[in-house]
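Visitor: Hi, could you walk me through this one? I'd like to start with a helix and then jump around a bit.

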Amino acid sequence: MKKTKKRFPFFDILLTSLTIILLGASAYLLFIFNNNSSASSALPKNVDDISSTIDEVDSNFAGIKIVTEIANDPNTPFAIQYPQSKHITFNDKVKKYIHRLKYDYLMNIADYKRDHKDFTSELNISFETFQHPNGLYSFVIVNHESIDADDGKTDMQTFHLNPETGEMPTITEVLKADEEALDLFSKVVANYASEDEKLSETLSDDELATLTATDADNFQQFALTDDQLTLYFTEYKTSQETPTVSIPYKEVNHLLATDFQLSVDDLAIKGDSSTDADETPKTDEEDEGNPDVDADKEVSNKKRVALTFDDGPDPNVTMRVLETLEKYDAKATFFMLGSRVEYYPEIAKNVQEAGHELGNHSWTHPDLSKASIEKVFDEINRTSRIIEEVTGEKPYSFRPPYGAFNDVVRQQTDLPIALWDVDTLDWKHRNGQQLLASVKDSVKDGSIILMHDIHPSTADGLDAVMAYLQENGYTFVTVSELLD
Ligand code: ZN
């Protein structure tokens, strides 16, 4: 008895400890279980959980790196580009903005998913870089989000960076510090806005007065280019565009802070840069450029196929595509985005030097059938210019983004419009093997095959596609050879 009595306290402690451990473990298991069940919904809970391929390369602009991020998950497709530098504050600010856009996009998909099945979505973020003669960079980041093939929404934000000091001036710092400067500046902007045909067409007098009122908040979105100051009025943006006003420096030079003022000599050069907007080419060319898939007038009895690569150039994928093409001694056609040619001029040059055909695919990849004449003209002709500038060769044809065009689009260029008849959907499945399957399904003599040289999976699958086509008696030609 004495012995057993002695043992009781020991068992008590043991039992209590066991109970505590068991309770703790079950609470822990419950916690794990709850977490798992909430995380098992189709979409990742956290933006950073979305798998993507990230690529960082030096850009054409000193001190600026360009980050490209492409989603790997076909349920949440996105293609994102943004600038980074050696300055942490700037980098964080840009990343935060991008992160928020991704988050909103994800939430919008989740919302939409509640009532809809089988829909597509898309998020495209790209940017343009401008540089003031004093070295300051202005980055205009434009994002376009669309869910279930709606018109989508466009938004933009400007960021500024002194690449030496890391400073990020606001419009208040760009203008002279005295109160009168802002007031006079507003008046100049109001003048320019009211003389701008497009702005006065789209906005009422009241709206114009509001957006140009003396208030620094009105002018927070701006870019300093080499010869003018551009303002973006995001409050009045549509699903496709943001209204802008551009003012030559000579009109506002006296209102700018010393750091941003140009010398009289600089002004003489920068002040009168003429635009070529009045040279709008008009053509009644009826040639729609639709691939003549029947290719009936063939002299040769060899079957022909044109491989086309859109949305590049890309420093990795385009170079890999070039290697595979060379292996087959084949020529292809690359429909490039002007904004990407600006960033990767040497890659565009490589494509041209390898003897491939260059095509125009617009500057920022908007749906041009919904854009204004000015926007269409600018998107196409700016891209043609940079392709020629960088490669020494003019593009041979134009492929409208999404294949969407109308008479307005057709009238803004004399390039033949080149569509496609075999859509590999490589952007959707991101699967090298499926690339071959989709080509096998629908290729025929005279086909134009649509691929994208921005997805690594396309470079992965290309060899098999070309081997198949060669074995089946196809020769590889360019789009212009097919269209002629
Ligand atoms: Zn495209």
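Guide: Happy to! The face of α4 turned away from its buried side carries the exposed residues E179, E180 and E195. Exposed means over 50% relative accessible area, buried under 20%, and partly exposed in between (1.4 Å probe, protein chains only). Helices (H or I, at least four residues) and strands (E, at least two) are DSSP runs, numbered from the N terminus. This is a predicted model, where local features need pLDDT of at least 70 and side-chain atom pairs count only at pLDDT 80 or more, while totals for chains, interfaces and linings use all residues. Residues are numbered from 1 along each chain as its sequence is written, and side-chain values use heavy atoms, with hydrogens and water left out.

Visitor: Which residues of α4 are buried?

Guide: A181, F185, S186, V188, V189 and A193 are buried in α4. They cover an arc of only 165° around the axis (taken from the directions from the helix axis to the C-beta atoms), so they sit on the same side of α4.

Visitor: What covers the buried residues of α4?

Guide: The cover includes α3 (171-174), α5 (197-202), α6 (205-211), β8 (228-232), β9 (244-248) and α7 (249-252). Contact here means heavy atoms within 4.5 Å.

Visitor: Switching topic: what coordinates the zinc ion?

Guide: D311 (OD), H361 (NE2) and H365 (NE2) do, at 2.1 Å. Donors are N, O and S atoms within 2.8 Å of the metal (3.2 Å for Na, K and Ca); water is not among the atoms, so sites may look incomplete. Along the chain the donors follow the spacing D-x49-H-x3-H. D311 lies in the loop between β10 (303-310) and α9 (317-327), and H361 in the loop between β12 (357-360) and α12 (373-391), so the pair ties together parts that are 50 residues apart in sequence.

Visitor: Are D311 and H361 buried or exposed?

Guide: D311 is buried, with a relative accessible area of 12%, and H361 is buried at 2%.

Visitor: And where is S362?

Guide: S362 is in the loop between β12 and α12. Its relative accessible area is 0%, so S362 is buried. Leaving aside neighbours within four places in sequence, S362 contacts M336, L337, G338, E379, T383, F398 and P401.

Visitor: Last one: how many residues has the largest nonpolar core?

Guide: That core has 34 residues, and those with the most contacts inside it are L307, F309, L325, F334, I449 and L469. A nonpolar core is a set of buried Ala, Val, Leu, Ile, Met, Phe, Trp, Tyr and Cys residues joined through side-chain atoms within 4.5 Å. Helix α16 (residues 456-471) gives the most to this core, with 6 residues.
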